[in-house]
Amino acid sequence: MPPASLDAIIIGAGFAGMYQLLTLRDRLGLHVHLLEAASGVGGTWFWNRYPGARCDSESHSYCYGFSKELLEEWEWSERYPEQPEILRYLNHVADRFDLRRNISFNTRVTACTYDEAANLWHVTTATGETHSARYLITAVGCLSSANIPNIPGLEDFQGQWYHTGEWPHDGVDFTGKRVGQIGTGSTGIQAVPVIAETAAHLTVFQRTANYSVPAHNAPLTREFKNWVKTSHAEIRAVMKSTPNGHPFTIADRKVADVSPEEREALYEAAWAKGGLQFRATFQDLLVNRQANDTAADFLKRKIRGTVKDPKTAEILSDIDHPYAAKRPPIDSHYFETFNRPNVELVDLRAAPIERITQTGIKTTDAEYNLDIIVFATGFDAMTGPLFRLNLTGRDGLKLTDAWRAGPETWLGLGVPGFPNLFTITGPGSPSVLCNMPVCIEQHVDWITDCIAHMRAHGQTTIEAQPEAALKWSDAVDAAANATLLPEAGHSWYLGANVPGKPRRFMPYAGGMAHYRNICNDITAKNYEGFTLA
Ligand code: FAD
Ligand code: NAP
């Protein structure tokens, strides 16, 4: 139970909320409480327990950097650890920094209302409790609102169905079952090889074909672990300097700088190394369509060289968007899995799903009998979790109305009309285009410094200015349009995966290092674009 008088309420106990709790409580000495819908900490890693779930940021970079001791004492086992290991890590952080005493679990926030007269946020939970605080900080994640498509007939299905982002804690036994999986994004690509190992039969329903690069996951060697332990400063320096917060730099060369033979050799070397780093082979892959085509062509050839059945290979490699214009997955034997006799691919572009029946999935040209349906259909990303908070700002302004045409924020941190609300990794921040712990720590530090500044100067409200938000929306559009990212017209970056959602490129594509400088500059200019009173 939180104390009656609070300085700040934080919503969400993933990477973001936990660190925000620590900084406000232990650095600033504030009375702060965190409300979390789940029964434990971890956020993404609490909910996404589907088979094959693991990170695809490299483990030594997918962790907090704020504590030297924490960095030195924690040891990752693999290049890309599985969900249970990441969840163990986040539980370790909660224990080590004694965070649980300020967290209410099993507490879903259902409404947040700004009270101008009292200059307080009133936060209501599903159980009807209300808590109030000066500052409201959303740490609800960009990918925490499951997108279960509205396919007619789901209620008739007699088997079991699951969304990967709300996976049962005691697991799902696929042994001897006929399984259908909808979705071939990062999640689906991780799940397919693992489900195929035990299912009697797995039918993969693909709407949009996707690229993937092998993860080449493996246990970390003692030598690598030792190197990590002694090299945190230099690893972090690289992560801070790059556009995407990963521990590798992007090559200086452009595709046209090298001969076709050299290019092929570079792609082969990147393929052999595996992981998201494939993107970094050339600096112009995400900005020049001709350059991108060379990577796309290489990856499509790899699919055709791996998948033995020519028709299946064709459907898997018939990819309609530039490489990495959608979040590029990495995999462990995804394409190889289609060579198994118990795995079948269904091309939904050729024959879309008509309905779900009592016994399975019916497309326009066939019916598939299934015991289990797995929805690997992604999330109502970025704005979805914020809308579910039913935020009401100054003068009764609802966030859903303010963002009817798409999100408008100042730096992804503040929203005009919503005083004293901070949105960690909100729309308009680099967030999902970055190795997320890096951008989360930057946001949390910025918010903490801002609140410290306000307290030092006797200020009690901060609010983003509408002109600043408009200007920033233009900057977000311009940054996206300078890349090939908007060319994947069906991507969740644009909100296109959720029917009725306005199409607007939501994350800031100008790079994390550049964004950090912008934020520092705003601070130096006395919080330009915010009104402090
Ligand atoms: P989350 O971890 O999403 O936590 C948000 C929390 O808020 C949740 O616990 C949720 O229950 C809570 N919450 C939401 N709404 C409410 C409410 N109304 N009331 C109360 N509580 C609420 N990023 C990377 O950089 N690298 C990766 O390799 C990577 N792998 C990923 C793998 C998967 C399967 C997924 C889905 C995402 C992955 N991501 C990855 C993105 C990942 O979401 C972030 O890295 C990071 O975990 C986000 O932390 P967060 O604290 O911002 O949000
Ligand atoms: P996603 O990328 O949005 O993919 C969803 C998949 O479901 C797509 O193939 C989509 O097809 C399909 N789909 C959605 N609705 C459908 C419908 N009605 N009928 C048929 N198919 C439908 O979701 P995700 O794979 O869960 O990944 C979301 C994000 O989470 C990632 O991009 C990444 O940021 C993060 N993530 C990271 C990791 C990791 O780092 N290890 C792992 C998993 C997820 P269309 O493309 O045609 O819409």
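A residue counts as near a molecule or strand if one of its heavy atoms lies within 4 Å of it. This is a predicted model: local features need pLDDT of at least 70, side-chain atom pairs count only at pLDDT 80 or more, and totals for chains, interfaces and linings use all residues. Residues are numbered from 1 along each chain as its sequence is written, chains are lettered from A and ligands numbered from 1 in the order in which they are written, and side-chain values use heavy atoms, with hydrogens and water left out.

Start with the two domains. Domain 1 covers 6-145 + 381-532, and domain 2 covers 178-222 + 238-375. These bounds come from an automatic or database domain assignment. Taken over C-alpha atoms, the domain centres are 29 Å apart.

Now the interface. Contact means heavy atoms within 4.5 Å. On that basis, 34 residues of domain 1 touch 42 residues of domain 2. The size of an interface is often given as the accessible area lost when the parts come together. Here that buried area (the loss with a 1.4 Å probe, summed over both parts) is about 3000 Å², with 54% of it on carbon and sulfur atoms. On the domain 1 side, Asp56, Arg79 and Leu484 lose the most area to domain 2, together 23% of what that side buries.

Where does ligand 2 lie? Domain 1 and domain 2 both give residues to its shell, so ligand 2 lies between them. That shell has 23 residues, and Arg54, Asp56, Thr187, Thr208 and Lys326 come nearest. By class, the shell holds nine nonpolar, nine polar and five charged residues. In this scheme Ala, Val, Leu, Ile, Met, Phe, Trp, Tyr, Cys and Pro are nonpolar, Asp, Glu, Lys and Arg are charged, and the others, Gly among them, are polar. Helix H5 (residues 186-198) gives the largest share, three residues. Helices are DSSP runs (H or I, at least four residues), numbered from the N terminus.

A backbone N or O atom of Arg54 lies 2.6 Å from a ligand 2 nitrogen. A backbone N or O atom of Ser186 is 3.1 Å from a ligand 2 oxygen. For Thr187, a polar side-chain atom lies 2.7 Å from an oxygen of ligand 2. The protein covers 88% of the 900 Å² of accessible area that ligand 2 has on its own. Accessible areas come from the Shrake-Rupley method with a 1.4 Å probe.

Turn to ligand 1. It is surrounded by 33 residues, the closest being Glu36, Thr44, Asp56, Tyr62 and Met436. The shell divides into 20 nonpolar, ten polar and three charged residues. H2 gives the most, with three.

Oxygen atoms of ligand 1 also make polar contacts. One is 2.5 Å from an N or O atom in the Tyr62 side chain. A polar backbone atom of Met436 lies 2.7 Å from a ligand 1 oxygen. A backbone N or O atom of Ala16 is 2.9 Å from an oxygen of ligand 1. The protein covers 95% of the 980 Å² of accessible area that ligand 1 has on its own.

Technical notes
Polar contact = N/O pair within 3.5 Å; in protein donor to acceptor, adjacent residues only side chain to side chain. Helix = DSSP H or I, 4+ residues; strand = E, 2+ residues; numbered from the N terminus. Buried area = accessible area lost by both parts, 1.4 Å probe.
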